[in-house]
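The sequence and the structure come first.

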Amino acid sequence: MPLVNAKEMLTKAKAGHYAVGQFNINNLEWTKSILLTAQEMNSPVILGVSEGAGKYMCGYKTVVGMVEGMLEGLNITVPVALHLDHGSYEGAKACIEAGFSSIMFDGSHYPIDENIAKTKELVAICEEKGLSIEAEVGSIGGEEDGVVGAGECADPDECKMIADLGVTMLAAGIGNIHGKYPANWAGLSFETLAAVQEKTGTMPLVLHGGTGIPADMIKKAISLGVSKINVNTECQLAFQDATRKYIEAGKDLEGKGFDPRKLLAPGSEAIKATVREKIELFGSANKA
Ligand code: 13P
């Protein structure tokens, strides 16, 4: 199946009270592991690409070529969206040109009027080209690609202003942060989430920073209108741990254990296990 935008899968998720996972990709192994797991679980999936990861993978066109090739080569039949994660205005335009099916424009660091103006312009382009678009209000804390946010709670009225521009999905800061949560993390602000959901109605809401949020909080967030959950660091940690074990066990020194197809296999399997666990938790299995 060719790439699809994220509108239909997220509208269904919102109505059906489950969430679709966005898993960020970094290379071929990452992408393959995520696609195979989504297919195995008959789940829709969103592949997230940060601007840094896009650059690492040799540009957005390379990413589109790789993903489209895999959809065909692996016979992937579940809905897959290729989505720019935390895009700048210029990055969003570049991904639209390169053939992404979905973009996020993160204007959360601009004053609200500028966020609105830029989001509005990109909404019009995405509408014309059939892409879905995610906007953000209230910056998500933690560090991603060198951008550090403090983990704000979004203003529900500002969320409504951005939602009314016709975006497909909205990321609202509710105390969530990227990367590992510190021991003194106060948890998600369900009060903010409920207020945002009340103002934005049927708009699918996005929860960033999915790594390390306890399962009961994830379930509650879904019950309050979250329909897309982003996971990045957790796959990286799973890959790192499995790769470390392989090396520490000396497996790379046995026979052809140095072959990258062997060396990267445990990490790839670990990504699959993480994605499987998340798809189960988010409730999107068999919703393709
Ligand atoms: P984590 O790295 O904390 O899982 O966050 C991912 C994310 O929100 C990508 O936008």
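## Helices and their surroundings

Thr-31 is found in helix α2. The model is predicted, so local features need pLDDT of at least 70 and side-chain atom pairs count only at pLDDT 80 or more, while totals for chains, interfaces and linings use all residues. Residue numbers start from 1 along each chain as its sequence is written. Helices (H or I, at least four residues) and strands (E, at least two) are DSSP runs, numbered from the N terminus.

Thr-31 counts as buried because it has 24 C-beta neighbours inside 10 Å. A residue is buried if 20 or more other C-beta atoms lie within 10 Å of its own, exposed if 12 or fewer, and partly exposed in between, with C-beta atoms placed from the backbone. Apart from neighbours within four places in sequence, Thr-31 is in contact with Ile-25, Leu-47, Met-66, Val-67 and Met-70; contact requires C-beta atoms, placed from the backbone, within 7 Å. Thr-31 and Met-70 are 39 residues apart along the chain, and their C-alpha atoms are separated by 8.5 Å.

Helix α2 covers residues 28–40. Besides Thr-31, its buried residues include Trp-30, Ser-33, Ile-34, Leu-35, Thr-37 and Ala-38. Among the elements covering the buried residues of α2 are β1 (20–24), β2 (45–50), α4 (60–73) and β3 (80–87), and α10 (233–248) and α12 (265–282) also belong to this cover.

The buried residues of α12 are Gly-267, Ala-270, Ile-271, Thr-274, Val-275, Lys-278, Ile-279 and Phe-282. Their cover includes β1, α2, β10 (226–231) and α10. Just after α12, Gly-283 has a positive phi of about 85°.

The expected span of a helix is 1.5 Å times one less than its number of residues.

| Helix | Length | C-alpha span, first to last | Expected span |
|---|---|---|---|
| α2 | 13 residues | 18 Å | 18 Å |

How do α10 and α12 cross? Their axes come within 8 Å and cross at roughly 145°; axes are lines fitted to C-alpha atoms, for helices over the stretch in contact, and angles run from 0 to 180 degrees between N-to-C directions. Residues of α10 that take part in the contact include Glu-234, Ala-238, Phe-239, Asp-241 and Tyr-246, and on the α12 side Pro-266, Glu-269 and Ala-273 are among them. The contact residues divide into nine nonpolar, three polar and four charged. Ala, Val, Leu, Ile, Met, Phe, Trp, Tyr, Cys and Pro count as nonpolar, Asp, Glu, Lys and Arg as charged, and the others, Gly among them, as polar.

Lys-199 lies in helix α8 (residues 190–200). Lys-199 counts as partly exposed because it has 18 C-beta neighbours inside 10 Å. Not counting residues up to four places away in sequence, Lys-199 touches Pro-156, Asp-157, Cys-159 and Lys-160. Lys-199 and Glu-158 are 41 residues apart in sequence and 9.6 Å apart from C-alpha to C-alpha.

The chain as a whole has 12 helices and 10 strands. Buried residues make up 47% of its 288 residues. Of the contacts with a separation of 6 or more, 71% are between residues 24 or more positions apart. The C-alpha trace spans about 60 × 45 × 35 Å along its principal axes.

Terms used. Two residues are in contact if their C-beta atoms, placed from the backbone, lie within 7 Å.
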